[in-house]
Amino acid sequence: MTHAFTADRPLRFGDCDFSGTAYFPAYLNLLNGVVEEFWTHLGWPWHRTIRTEDWGTPTVHLTCDFAKASRMGDVLTFRLAVLKVGRSSLRLAHEIRCGDDLRWTAEQVLAACRISTYAAIPWPPEVRARLETLI
């Protein structure tokens, strides 16, 4: 898998349950933050696309597989890869590791969406062109 974007995240107290083990809703919040950073890295930060340009990228499908528990204090490396660019969709693969240990994986589909109407839109040409370089 060719990684288009990588980010490290420490697993903090608030990301864990009472036993100090990662709590899966917190995992998803961390994943969403990495996806937001990915868009900023590409040049389309959500604060601009949503507020100024009236388009966003809501998640329309998400699957996760958890391989090994993570604990408070672990530093997780999120690796994001672009699998497919559709007319108005984007399929991403995520691999999350702590050092060499695979902790979990996810596959996610985002949709290009007009925020004011919640209708799917084709990717803006410059966005599509940039995404296609990452496959």
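This is a predicted model: local features need pLDDT of at least 70, side-chain atom pairs count only at pLDDT 80 or more; totals for chains, interfaces and linings use all residues.

Colleague: Why is Phe66 called partly exposed?

Modeller: Its relative accessible area is 46%. Buried needs under 20% and exposed needs over 50%, so Phe66 lands in between and counts as partly exposed. Together with Tyr23 and Phe24, Phe66 forms a nonpolar patch on the surface, with about 350 Å² of accessible area for the three together.

Colleague: On to charges. What makes Asp74 and Arg103 a salt bridge?

Modeller: The closest N and O atoms of Asp74 and Arg103 are 2.8 Å apart. The cut-off is within 4 Å, so the pair qualifies as a salt bridge. Asp74 sits in the loop between strand E3 (59-66) and strand E4 (75-85), while Arg103 belongs to strand E6 (residues 101-111), so the bridge ties together parts 29 residues apart in sequence. Both Asp74 and Arg103 are buried. They also belong to a network of salt bridges that links Lys68, Asp74, Asp101 and Arg103.

Colleague: How many salt bridges does the structure hold?

Modeller: It holds 10 salt bridges. Another one joins Arg91 and Glu107, with their closest N and O atoms 3.0 Å apart. That pair links distant parts of the chain, with Arg91 in strand E5 (residues 89-98) and Glu107 in strand E6, 16 residues apart.

Colleague: Are Arg91 and Glu107 buried, exposed or partly exposed?

Modeller: Arg91 has 34% relative accessibility, so it counts as partly exposed. Glu107, at 32%, gets that label too: partly exposed.

Colleague: And how do you know that Glu95 is buried or exposed?

Modeller: Check the value: Glu95 has 16% relative accessibility. Buried means under 20%, so Glu95 counts as buried. Glu95 forms a salt bridge with Arg97, the closest N and O atoms being 3.1 Å apart.

Colleague: Now the rings. How many aromatic pairs are there?

Modeller: The count comes to 10 aromatic pairs. Take Trp39 and Trp55: their ring centres are 6.0 Å apart and their planes stand at 80°. Centres must lie within 6.5 Å, and planes over 60 degrees apart count as edge-to-face, so this pair is edge-to-face. Trp39 lies in helix H1 (residues 24-42) and Trp55 in strand E2 (residues 55-56), so the pair ties together parts 16 residues apart in sequence.

Colleague: What makes Trp39 and Trp55 count as buried?

Modeller: Trp39 comes in at 0% relative accessibility and Trp55 at 4%. The limit is under 20%, so both are buried. Phe78 and Trp104 have ring centres 6.1 Å apart and planes at 90°, so that pair is edge-to-face as well. Phe78 lies in strand E4 and Trp104 in strand E6, so the pair ties together parts 26 residues apart in sequence. Phe78 and Trp104 are both buried.

Colleague: Which rings are linked into a cluster?

Modeller: Ring pairs link Phe5, Phe38, Trp39, Trp55 and Trp123.

Colleague: Which residues touch the most other members of the largest nonpolar core?

Modeller: That core has 35 residues, and the ones touching the most other members are Phe38, Trp39, Phe78, Val82, Leu90, Trp123 and Leu131. H1 gives the most to this core, with 8 residues. Leaving out residues up to four places away in sequence, Leu131 touches Phe38, Trp39, Leu42, Val82, Val85, Leu90 and Trp123.

Conventions:
Residues are numbered from 1 along each chain as its sequence is written. Side-chain values use heavy atoms; hydrogens and water are left out. A salt bridge is a side-chain nitrogen of Lys or Arg within 4 Å of a carboxyl oxygen of Asp or Glu. Helices (H or I, at least four residues) and strands (E, at least two) are DSSP runs, numbered from the N terminus. Buried means under 20% relative accessible area, exposed over 50%, partly exposed in between (1.4 Å probe, protein chains only). Patches are made of residues with over 30% relative accessible area and no salt bridge: like charges are joined within 9 Å, nonpolar side chains (Val, Leu, Ile, Met, Phe, Trp, Tyr) within 5 Å. Accessible areas come from the Shrake-Rupley method with a 1.4 Å probe; for residues, only the protein chains shown count as cover. Rings of Phe, Tyr and Trp (its six-membered ring) pair if their centres lie within 6.5 Å; planes under 30 degrees apart count as stacked, over 60 as edge-to-face and the rest as tilted. A nonpolar core is a set of buried Ala, Val, Leu, Ile, Met, Phe, Trp, Tyr and Cys residues joined through side-chain atoms within 4.5 Å. Contact means heavy atoms within 4.5 Å.
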